[in-house]
Amino acid sequence: MSVALPLKGGCQCGGLRYEISAAPVTVAGCHCTNCQKIGGGAFAVNAMVAEPSFRFIAGEPKEIEWTSDAGNRRIGWFCGDCGSRIAHGHKPGTGIFSVRAGTLDDASWVRPAGHIWVKSAQPWIVFAEDDILSDKQPADFNALVQRFRSFGIFPQ
Ligand SMILES: [Zn+2]
Ligand SMILES: [Zn+2]
């Protein structure tokens, strides 16, 4: 399987649309308490993409800023009409955006390389034996990047 670029996605009402022009660096499940609140679910599935590869192509996103469980200033972009959260970045920027993978038009290829903030995961979650797990924010994402590459979803 090989997924074609650019990836496209948008909010629930369709007013806000985006495009990702390069393969995501990795995909990870985030079980932090902020992700649980933001999505109203047990965890978020985030596609991490290089900042220059991401752009909004329709609509004007609204912004919200908060302090993450790791203590970093975070910025989130969402649709002001339907409220769908689309992507997150850091302030100051790290060059990586987290795109909420459920907002992709085609999420059939999405497969988390691992899970982070497992310490606040809801107790019923069962992880796969070979999942890369991190109790909190990993010091670096190398293992998650390597494993995602090994899936061979995008041409290298
Ligand atoms: Zn919307
Ligand atoms: Zn999170």
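The structure is a predicted model, in which local features need pLDDT of at least 70 and side-chain atom pairs count only at pLDDT 80 or more, whereas totals for chains, interfaces and linings use all residues. Residues are numbered from 1 along each chain as its sequence is written, chains are lettered from A and ligands numbered from 1 in the order in which they are written, and side-chain values use heavy atoms, with hydrogens and water left out.

The protein donors of ligand 1 are the SG atoms of Cys11, Cys13, Cys79 and Cys82, lying 2.3 Å from the zinc ion; donors are here N, O and S atoms within 2.8 Å of the metal (3.2 Å for Na, K and Ca), and sites may look incomplete, as water is not among the atoms. The spacing of these donor residues in sequence is C-x1-C-x65-C-x2-C. Distant parts of the chain are linked by the pair Cys13, in the loop between strands E1 (7-10) and E2 (17-20), and Cys82, in the loop between strands E7 (73-78) and E8 (85-91), the two being 69 residues apart. Strands (E, at least two residues) and helices (H or I, at least four) are DSSP runs numbered from the N terminus. Cys13 is partly exposed, at 47% relative accessibility, and Cys82 is also partly exposed, at 25%.

The zinc ion (ligand 2) is coordinated by the SG atoms of Cys30, Cys32 and Cys35 at 2.1 to 2.3 Å, with the donor residues spaced C-x1-C-x2-C in sequence. Cys30 is buried, with a relative accessible area of 7%, and Cys35 is likewise buried, at 7%; buried means under 20%, exposed over 50% and partly exposed in between (1.4 Å probe, protein chains only).

The largest pocket has a volume of about 380 Å³, a pocket being an open set of points on a 1 Å grid over the protein atoms alone, where a 1.4 Å probe fits, with protein on both sides within 12 Å along at least five of seven lines, and lining residues having an atom within 4 Å of a point. Of its 25 lining residues, Met48, Arg74, His90, Ser98 and Gln137 are the closest to the centre. Strand E9 (96-100) is among the elements that give two or more residues to this lining, and E9 gives the most, with 3 residues.

Methods. Points joined across faces, edges and corners; volume = space filled by probe spheres on them.
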